[in-house]
Amino acid sequence: MAAKATVIEVGDYDVRVSNPDRIYFPELGATKLDLVEYYLAVSDGIVRALRERPCMLHRFPDGLAGEKVHQKRVPNGAPPWLETVRVKFPRYNRYADELCVTKPADVIWAVQMSTVEFHPWNSRRADTEKPDEWRIDLDPMPDCPFGTVRKVAGVVHEVLGELGITGYPKTSGGKGLHVYVRIEPRWEFGEVRRAALAFAREVERRLPDDVTTTWWRKDRDPTSLFIDYNQNARDHTIASAYSVRGVPSATVSTPVTWAEIPDVEPQDLTIRTVPARFAELGDLHAAIDDTAFSLDKLLEQADQEGLSTDNDG
């Protein structure tokens, strides 16, 4: 018999959680309620990561053993206090009212709706067409060891430093690393992507045996690391900081310090371990909104190299 629903008090709001004992992560024996408790433990961090961004939800209505649903639209029947933001998809000439997190209750409502992963846009509702976040995605190919990811991250940090830019790293929750940079919301997606490509090319020049910016996957060395600059294209999303990943071990995309990267083991960062880490260290991305950086230098470099926003780079 299914367990009765439970009501979770989240700030000023009550969120009813059905099937709290349903097993979501078989490797850990973690339940839906465990997932709720995880997101409550890191609520300051996950709300900061998602705040006022259109957010796509990766839902698992029957747990990880069932079908994965990519949901953009908030369904009918959502509570009146839940906020949304309308975005347009020009290719289909359609609109969607996506979740727009402003408070912890919004996150817990999404978990009640069987959301495991949160994938926000890199722009906010004030102007969804002007990103305020540049994302550096270090994406290892199948035969690329994590040692290479660590090595490339060091060069990413070096190049950012030369540009006078502060980057905020995190594990991907998988085999890679992400680095986020808060930018001035002055450029459209295509320009942010061009700047990201110029940056990726500079890292590639410094580590030509380890890094590739080759667009087509079939043309990449399987031992290399791809810097996926296209994650800055419009409507491309990746798991946010503090998002759990939909894998049996319940890994978390976890903020880390640059000093931790040489020793970090992403598989150790799960819903079982990250709450205590968060309680001890706080949100390592807490200062990300303090300074917004310019992309002017990178766009000048992109112009000099004749880089375009076409898919072949």
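**Close-up views of a predicted model**

**View 1. Ala41 in helix H1.** Ala41 belongs to helix H1, which covers residues 32–41. The structure shown here and in the other views is a predicted model. Ala41 counts as partly exposed, because its relative accessibility is 37% and that class lies between 20% and 50%. Leaving out residues up to four places away in sequence, Ala41 touches Pro275 and Phe278. Thr251 is 210 residues from Ala41 in sequence, and their C-alpha atoms are 15 Å apart in space.

**View 2. The second largest cavity.** This cavity holds about 40 Å³ of space. Phe278, which touches Ala41, is one of the residues that line the second largest cavity. The lining also includes Tyr242, Thr254, Pro255, Val274 and Arg277. Leu281, Gly282 and Leu284 are among the lining residues too. By type, the lining has six nonpolar residues, two polar and one charged.

**View 3. The largest cavity.** The model has two cavities of 30 Å³ or more. The largest cavity has a volume of about 110 Å³. It is lined by 14 residues, and those closest to its centre are Arg48, Ala49, Glu133, Tyr180 and His285. Helix H2 (43–50), strand E10 and strand E12 (177–182) each supply at least two residues of this lining. Which element gives the most to the lining of the largest cavity? Helix H2 does, with three residues. The lining of the largest cavity is made up of five nonpolar, three polar and six charged residues.

**View 4. The largest pocket.** About 310 Å³ of space lies in the largest pocket. Its lining has 18 residues, and Asp137, Asp139, Ser172, His178 and Arg245 are the closest to the centre. Strand E10, residues 133–140, gives the most to this lining, with four residues. Strand E10 also supplies at least two residues of the lining of the largest cavity. In the lining of the largest pocket, six residues are nonpolar, seven are polar and five are charged.

**View 5. Ser224 in a loop.** Ser224 sits in the loop between strand E13 (211–212) and strand E14 (225–227). Is Ser224 buried or exposed? Its relative accessibility is 4%, so Ser224 counts as buried, the cut-off being under 20%. A polar atom of the Ser224 side chain lies 2.6 Å from the backbone oxygen of Asp221. Apart from neighbours within four places in sequence, Ser224 is in contact with Pro140, Met141, Cys144, Asp210 and Thr212.

**View 6. Helix H5.** Helix H5 runs over residues 189–206. At 1.5 Å a residue, its 18 residues should span 26 Å. H5 is mostly covered, with 13 of its 18 residues buried.

View 7. Ser114 is not a glycine, yet its phi is positive, near 75 degrees. Ser114 lies in the loop between helix H3 (104–112) and strand E9 (115–120). At 4% relative accessibility, Ser114 counts as buried. Asp235 is not a glycine either, and has a positive phi of about 65 degrees. Its place is in the loop between E14 and helix H6 (274–281). Asp235 is partly exposed, because its relative accessible area is 23% and buried means under 20%.

Definitions and conventions:
Residues are numbered from 1 along each chain as its sequence is written. This is a predicted model: local features need pLDDT of at least 70, side-chain atom pairs count only at pLDDT 80 or more; totals for chains, interfaces and linings use all residues. Side-chain values use heavy atoms; hydrogens and water are left out. On a 1 Å grid over the protein atoms alone, a cavity is a set of points where a 1.4 Å probe fits but cannot get out, and a pocket is an open set with protein on both sides within 12 Å along at least five of seven lines; lining residues have an atom within 4 Å of a point. Grid points are joined across faces, edges and corners, and a volume is the space filled by probe spheres set on the points. Ala, Val, Leu, Ile, Met, Phe, Trp, Tyr, Cys and Pro count as nonpolar, Asp, Glu, Lys and Arg as charged, and the others, Gly among them, as polar. Buried means under 20% relative accessible area, exposed over 50%, partly exposed in between (1.4 Å probe, protein chains only). A polar contact is a pair of N or O atoms within 3.5 Å; within protein, one must be able to donate a hydrogen and the other to accept it, and residues adjacent in sequence count only if both atoms are side-chain atoms. Contact means heavy atoms within 4.5 Å. The expected span of a helix is 1.5 Å times one less than its number of residues.
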